[in-house]
Amino acid sequence: MKREWILEKNHISYWLRQLRKDRDLVGPLRNEGKDVVFMTVEQIHEVVLDLPASLPSPKEFLFPQYESMLRFNVSGKVPVAGPGAKTVSPGACVECSREGDLLDLADRRRRLVFGVRSCDVSAVRLLDRFFLEGFRDPYYEQRRKNILFVSIVCNNPDPTCFCIGLGTGPYLEEGFDIQLTDLGDRYFVQASSAEGIRTVKDMSFLFRRPRKADLDDQYEVFLSAKARFHKRISLESSRRAILEGRVKDSFWRRVTERCFECGGCVYECPLCTCFTVADRRYPDAVERIRLWDTCLFKGFTRMAGGILPNGKRMLRTKRWFYHKLVHYPEVFDEFGCVGCGRCAVTCPGRIDMATIATEMKGLDLDGSEQRP
Amino acid sequence: MTRSSSGNVYVPFGGKVEVVIPQARDISLFRVKTEAPLDYAPGQFFMVSLWGAGEVPISVASLSRDDAVVDLCIRRAGAVTGALHALEAGDTVWLRGPYGNGFPLDTSRGRDVVLVAGGIGLAPLRPLIEWFMENPGDAGRVTLLYGAKSPGEIVFRDEMEQWRDRGIEVLVTVDRAEGGWEGRTGLVTGLWQELRSDLQQATAYICGPEVMIRAAMGELFLLGMPEERIITTLEAHMKCGVGKCGHCYAGPRYICTDGPVFSYREVKSYGLFLSR
Amino acid sequence: MNKILSVCPYCGCGCGLYIHVEDGRITGVSPSRTHPVNRGSLCVKGWNAHEFVAHPDRLETPLIRDAGGFRRATWNEALTLIAERLEGIRAEHGPDSIGVLSSAKCTNEENFLMMKFARAVLGTNNIDHCARLCHSSTVGGLAAAFGSGAMTNSISEIADASLLFVIGSNTTEQHPMIAMHMLAAVDRGATLIVADPRRTQIAEFAHIHLRHRSGTDVALLMGIMNVIVGEGLVDADFVRRRTENFDSFAEELKRFTPAAVEEITGVKANDIRRVARVYAMEKRSMLFYAMGITQHITGVDNVRACANLVMLSGHIGLPMSGINPLRGQNNVQGACDMGALPNVYSGYQKVADPRARRKFERAWRKRLPAAPGLTIMEMMEAARAGRLRAMYVMGENPLLSDPDINHVREAIERMEFLVVQDIFPNETSELADVILPAASFAEKEGTFTNTERRVQLIRRAVAPVGEAMPDGDIICALAARMGYSMSYRGAYEVMEEIALLTPSYGGILHHRLSEGFGLQWPCPDSSHPGTPYLHRKKFAKGLGTFIQVDFLPPDEPPDDDFPFLLTTGRLYFHYHTGTMCRRTAVLEREEPECLVEINPADAERLGLKDRSVVRVTSRRGAIEPRVLVTSRVPEGTVFIPFHFIEAAANVLTNPAMDPGAKIPEYKVCAVRLEKIRT
C-alpha cells in the first residue's frame with residue numbers, strides 16, 4: 001500500500017490546527033524578527049515554513065536540559081534552607097523512609113514537533129537505540145511514546161550541513177513519522193511509522209493521492225537538494241585514519257588548544273546524551289533532577305579524593321571524537337553523527353566534526369600531521 | 001532487576017541499616033536489610049543513596065543469601081559517602097540494583113585462586129572469599145594477598161582468622177609498620193614468591209587502587225597467567241549505573257553495564273584504565 | 001514550551017540567550033544564533049545559567065533577625081521595620097550616616113531607582129557598587145582623557161581588526177565570547193599581543209606574550225611609547241589635530257628607555273621595541289584591558305597610560321581602532337551609566353555641578369545633596385569609625401568580594417542596621433538585620449548594558465519564586481513607606497525617566513529595544529540608531545588629553561618575610577562570590593575547591609605537590625587552600641581565585657587604594673607559604 005499523499009499548502013494551517021487538538025504543537029517560530037526557534041505554537045499562521053536548515057536540536061523535547069526525575073516528599077523533616085545554606089548537610093534525610101512518598105515525575109505530555117529535519121529524525125532513531133536498548137530509560141521512553149515528528153525535506157542546506165555524506169538526510173526513505181517535501185504550492189506527504197500513517201489517515205479528506213507529476217516534482221526537489229551541499233565529508237575516512245594510527249596525540253593537542261570548554265558541541269549535538277544527577281532539597285521534598293552534562297569537562301570523571309582521570313583537555317576532545325567516529329560504529333554500526341553541523345555553529349573554537357574530519361583527510365599517510 | 005513496581009529503573013527501594021561495623025578510619029561496613037530478598041552476585045554493585053545527598057555506586061561486600069541482607073563497605077570520600085557515614089542502625093538507606101556483571105566464577109572452577117586486594121579493595125572480594133569457603137570443591141587452593149597502608153587501615157581484620165580456619169590462605173602486608181606490627185611490610189605485589197600455587201594454571205581476582213591493579217595485572221601476566229584469567233573490578237564515577245549517564249564510559253564500554261568486572265585482556269584492548 | 005529571549009546574567013559580554021520554559025518552570029537555555037556578540041555560542045556559565053533560578057536555597061520571604069536567628073516576616077512587616085530604622089538613624093545622625101550599595105547584577109532601571117532612592121529619599125550621595133572594585137579606574141582614567149569611560153569599539157568589529165593588544169585580561173576565561181571574536185581575527189591574519197604575568201589561554205595564541213612583573217604596567221606601556229616616539233612612529237597628524245598636552249608628556253617619556261623598563265618589568269628591551277613597532281605601524285589596532293590594569297594602586301595611571309598609547313598612534317575614533325575596557329559584570333557598565341556612584345547622576349552628570357543637580361531636583365521635586373558621597377571602601381572605613389551606621393546592600397556580597405575581609409566584617413558588625421536584598425543568602429546577609437528576597441534575571445523585566453554599551457532587554461520568563469519581588473519594586477515600595485512616591489507601571493516607565501534625564505540614553509526606550517538586539521549608547525534621541533564606536537571625528541570632551549603618569553611600584557611588594565607576590569582573579573567555571581555558579585551542579589563540580597596556583601620551581605623548593613595543603617599568610621590574615629602546580633604563574637608569584645569562602649583570597653588582599661579611583665590593589669600583595677601537609 002502506498003503511504004504517500006499530496007497536501008495543498010493552503011490546507012496546512014487547518015491540518016495543524018486539527019493536530020493541535022490533542023497534542024502540544026511545537027513548531028519553528030521567528031522570535032521578534034530574529035532567530036527561528038522551536039516553541040509551542042499559539043498562532044498557527046506564525047509557523048515559519050521557509051525555515052533555515054539548521055535550528056537548535058529537538059533533542060530537548062525527548063531529553064531536556066533540566067528534567068525532574070523523582071520527588072520524595074518529606075513532610076517537614078528536611079531543615080529549611082536559611083542564610084548560609086549552600087549544600088546539602090550530610091545525613092539530613094536519613095529519616096525519610098516511606099516509599100509511598102515517592103513520585104515519578106516522567107513527562108507524559110503529547111507533543112507534535114513540526115518542521116524538524118531529516119538529520120534530526122535520523123538522530124532520534126539512534127537515540128531510541130541508546131535509551132531503550134538494555135535498560136530502558138523511563139523518562140526518555142515516556143516522552144518518546146507521546147511525540148510525533150513531522151519532518152521537512154531539506155532543499156536549502158546550510159553551509160555547515162553534511163548529512164548527505166552520511167545518508168541521514170536531506171530526505172529519508174523510511175524511519176520517520178511524517179515527511180513533507182515542499183513542491184511549491186503543495187506538500188508531498190509520506191508517512192512511515194504506524195502513528196504517522198494513522199495521523200494522516202485520520203484526516204484523509206485533506207489529502208489526495210499523488211499523480212505522476214507530483215512524483216516527478218518530488219524527485220526534482222530531491223535532486224536539487226542533493227546538489228546544494230557545500231560540504232562533502234566522509235567520516236569513514238576519518239574513522240580509518242584513526243584506526244590505522246594516522247591521527248597522533250599531537251593532532252588532538254593542537255586542535256584542543258582552542259577548546260573553550262563551553263560544552264556547546266555536546267549540548268547542541270542531537271546525539272549526545274550525557275547527564276548528571278543532582279538532589280535538590282526543598283522544604284517539603286527532595287527532587288532528584290538530571291541535567292545535561294558533558295564529557296569535555298575534567299570533573300565529569302572525577303573520582304573520590306579529587307583524582308581526575310581525564311585531567312588533560314586533549315584526552316577529553318579525543319574521547320568525544322572517538323566516541324562518535326569509532327565506538328558508535330562498533331556498537332550501533334552507525335556513526336555517532338548525523339551531519340547536522342550544529343557543532344560548527346556553536347563551537348567558539350571551531351573544533352567541530354566537519355572541520356576535524358576535513359583536517360584528518362589532510363593527514364599524510366606517513367603520520368606527519370604537524371602542519372605549520 | 002530493580003524491585004520498583006513502576007518499572008522506572010531510577011526508582012530506589014528502601015532498606016534498613018541493621019548494624020554499622022567500623023573497619024578503619026573513614027571506612028565502615030553497613031549491613032542493610034530489605035523487605036524482599038536480594039539476589040546479587042559477587043562483583044555486582046548497588047546504587048546507594050540518601051535523599052538530598054545523592055547516589056553512589058557501592059560494590060556488594062557479602063554473599064547473597066536468602067535473608068534479604070547486603071553488606072556495603074563504604075569509605076568516606078565525598079558528600080554522599082559522608083552523609084552515608086552519618087547513618088546508624090535503624091536508619092533507612094535507598095538502593096537500586098544490583099547492577100553490573102559480577103565475577104566470572106567459571107574461570108576459576110577447579111583451579112587455584114589468587115585474590116589480590118589493596119585497602120578497601122578487599123570489600124568486593126569478600127563475597128568471593130565467602131563463596132570459596134562455603135563451596136570448598138569449587139576451586140583449588142585459595143590464597144588472599146592483602147595490602148594496606150598501615151596496620152590501622154586493614155579492613156575485615158576480625159574475620160581473617162575465620163577465613164584461615166576455613167581453608168583460605170591469608171597473607172597480609174602493610175606499607176608502614178606501626179603500633180607493634182610484626183607482620184610483613186612492603187607492597188602486595190611483593191608476595192608472589194610466597195604463593196604455593198602454579199600461577200600459569202591459576203585464576204586471579206584483583207581489586208584495589210588503580211596503580212595496584214595495574215601493577216598486579218601486569219606482573220601476573222609476566223609470571224605466565226593468561227590474560228583472560230587475570231580479573232579485576234574497576235571503579236568509576238557513575239550517576240546512573242545503567243549505561244545512560246555516560247560518566248563511566250571508557251573506550252567503547254561502560255564500566256557499569258559491561259563491567260565493572262573485566263579481564264586483563266579486556267582492560268588492555270578497551271583501554272579501560274582511567275589514568276592515562 | 002516557550003522560549004524567551006533574554007541576556008546572560010554572568011559577564012559583561014551580554015550574550016543573547018533563550019530561556020526555555022514549560023509549565024512555569026525553566027527547562028534550559030540556548031544561545032541566540034543571530035546575536036551580534038555570541039552568534040550561536042555560549043560559554044559554560046551561559047549554558048548553565050538556567051539552573052540556579054529554581055534552586056531551593058533561593059530566598060523566598062523577607063527574613064528579620066531576632067534573638068534566635070532569622071524568622072520569616074511579611075513584606076509589610078519587613079519594609080515598615082526598614083523604613084522606621086532608616087528614618088530613625090537619619091533623624092539622629094543625618095542622611096550621610098547611611099550608605100547604599102547598588103548592584104552591577106541588577107538592571108539599569110533598578111540601579112537608577114536605587115540611586116534615586118539614595119539621593120531623593122535618603123538624601124545622601126553615599127551610593128556605590130562593585131564597579132569601584134573593578135573599573136573605577138577606567139571611569140576616572142578614560143573620562144579625563146576622552147570624556148567617556150567605556151569600550152570605544154563594538155565586539156563585532158574585533159574579527160576584522162589587524163592587531164589586538166590584550167593587557168591584563170584573561171579573555172578566554174573571563175570574556176569567552178569576546179575571545180571567540182579575537183581568535184577569529186587571528187585566523188584572518190591579525191597579530192595578537194598579550195601582556196600578562198600569567199600564561200593564560202589567550203596568551204597561548206599570542207604572537208608576542210609579554211610576561212611583565214605584576215604591577216609594572218605603567219612602566220611597560222611607557223617603554224612602548226618611548227620607542228614609538230623615539231623611532232618616529234607617532235601618528236603626528238592625529239596628535240596635532242585631536243589631542244593636547246603632547247609635548248610635556250613626551251618629555252616625561254624620555255626616562256622610560258627600553259633598557260630602564262626592562263629593569264623594572266623584566267620584559268626584554270627588544271620585545272618592548274617589537275611590540276611598539278607592530279602596534280604603532282598596524283592600522284585597525286584594538287587595545288583591550290581588564291582587571292590586570294585597573295586593580296592596582298596605580299589603576300588610574302595604568303588606564304591613562306593605555307589612553308596615551310592609543311592617542312599616540314592614532315588608534316582611536318575609527319571602527320576596529322580603539323581602547324576597550326572589558327567590563328566584568330553583566331550590567332556593571334549600566335550600573336555606572338545609571339549613576340550608582342557617589343559623585344555622579346546617570347550619564348556621569350556630576351552631583352557637584354549645580355546645573356545637573358537642579359535638573360534632577362526639578363524632575364524629582366526634592367532637594368538633593370551637593371557633596372559627593374563615600375565610595376565602598378570609604379563607607380567601610382566610616383562604619384569602622386562609627387560614622388556610617390546603616391547600610392542597604394542590594395545584590396552584592398562585600399564580605400567575600402572586598403579586600404581585607406576581616407576588616408570589612410569588623411566594619412559591618414559595628415553598623416546599627418544592615419539590610420541585604422538578594423536572590424540567595426550569602427556571607428554578608430548572615431550579618432543582616434533584615435533580608436529581602438529579590439527576583440532573579442529570569443523573573444523580571446528591564447535592561448542590561450553590556451561592555452560594548454549595548455542596552456538590551458531582559459524579559460520575565462517565569463514568576464518569581466515564593467514571595468520574591470523584583471529589586472525595583474522593592475525599592476519603590478520602601479520609598480512609598482518613607483513618604484516619597486516612586487510609582488511606575490513597569491520598567492519601561494523607569495526607562496522613560498532615564499531617557500529624559502540622561503543625554504546618552506535619550507533615545508533608549510523599551511519599545512525600540514525589542515526590535516533587534518538593543519541599542520548602543522550614546523543614543524541621544526528616539527530616531528538615533530545608536531553608536532557602534534566612540535570618538536569619531538572628535539572626542540566626547542573635544543580634544544583628547546595626554547595625562548602625565550609616572551611609575552609607582554605596588555604598595556606591598558614581596559619582601560623577606562612575605563616573599564611571594566599574590567595576585568587574585570577569577571576562574572572560568574565560577575563567577576565572583578559564587579552565589580549562582582556554586583549552586584549549579586556542573587560548575588561547582590568542575591571547581592569545587594580553592595586551589596592556589598604555584599610555579600613548579602617554587603613548589604619544589606617548598607616541597608609542595610598538586611593537592612598539598614598550604615597555609616598562605618599575608619599581613620592581614622591566612623587561608624589554607626590546596627596547591628595546583630602550574631607554569632601558568634611565573635616563579636615568585638602565586639594566584640588564588642577569590643570565589644571560595646572556604647579559603648577566601650580576600651582575607652589576604654591589600655586594601656591599599658588608588659588615590660583617585662579608590663580601587664583596591666587586588667592584583668598585588670605579599671604573602672608567605674607554609675606547607676601543612678602533602
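This is a predicted model: local features need pLDDT of at least 70, side-chain atom pairs count only at pLDDT 80 or more; totals for chains, interfaces and linings use all residues.
Which domains does the domain assignment give for chain C? There are domain 1 (2-54), domain 2 (63-133 + 334-491), domain 3 (152-326) and domain 4 (564-677), with bounds that come from an automatic or database domain assignment. As for labels, residues are numbered from 1 along each chain as its sequence is written, while chains are lettered from A and ligands numbered from 1 in the order in which they are written.

Let's look at two of those domains. The centres of domain 2 of chain C and domain 4 of chain C, taken over C-alpha atoms, are 30 Å apart. Their contact takes 17 residues from domain 2 of chain C and 18 residues from domain 4 of chain C; two residues are in contact if their C-beta atoms, placed from the backbone, lie within 7 Å. On the domain 2 side, α4 (131-134), α18 (376-384), α19 (398-401) and α20 (405-414) of chain C give two or more residues. Helices (H or I, at least four residues) and strands (E, at least two) are DSSP runs, numbered from the N terminus. α20(C) gives the most to this side, with three residues.

Now for how the chains meet. Two pairs of chains touch, and the most contacts are between chains A and C. That contact takes 45 residues from chain C and 44 residues from chain A. On the chain C side, β3(C) gives the most, with five residues. Sorted by class, the side of chain C that touches chain A has 20 nonpolar, 14 polar and eleven charged residues. Here Ala, Val, Leu, Ile, Met, Phe, Trp, Tyr, Cys and Pro count as nonpolar, Asp, Glu, Lys and Arg as charged, and the others, Gly among them, as polar.

Chain A also meets chain B, in a contact with 37 residues from chain B and 43 residues from chain A. α1(B) gives the most to the side of chain B that touches chain A, with three residues. Chains B and C, on the other hand, have no contact, and their closest C-alpha atoms lie 11 Å apart.

Let's step inside chain A. Helix α6 (residues 235-243) of chain A packs against helix α9 (residues 313-332) of chain A at about 95°, with their axes 9 Å apart. Axes are lines fitted to C-alpha atoms, for helices over the stretch in contact, and angles run from 0 to 180 degrees between N-to-C directions. So α6(A) is roughly perpendicular to α9(A) (angles under 35 degrees count as roughly parallel, over 145 as roughly antiparallel, 65 to 115 as roughly perpendicular and the rest as oblique). The residues of this contact are six nonpolar, one polar and one charged.

Back in chain C, β17-β18-β19 is the order of three strands in an open, antiparallel sheet. Two strands pair if DSSP finds at least two bridges between them. β17 (446-449) and β19 (519-520) of chain C are at the edges, each with a single partner strand, so one side of each has no neighbour in the sheet. β17(C) pairs with strand β18 (residues 454-458) of chain C over four bridges, and Phe448(C) has Gln456(C) in β18(C) as its bridge partner. Helix α3 (residues 108-122) of chain C lies across β17 and β18 of chain C, at about 95° to β17(C).
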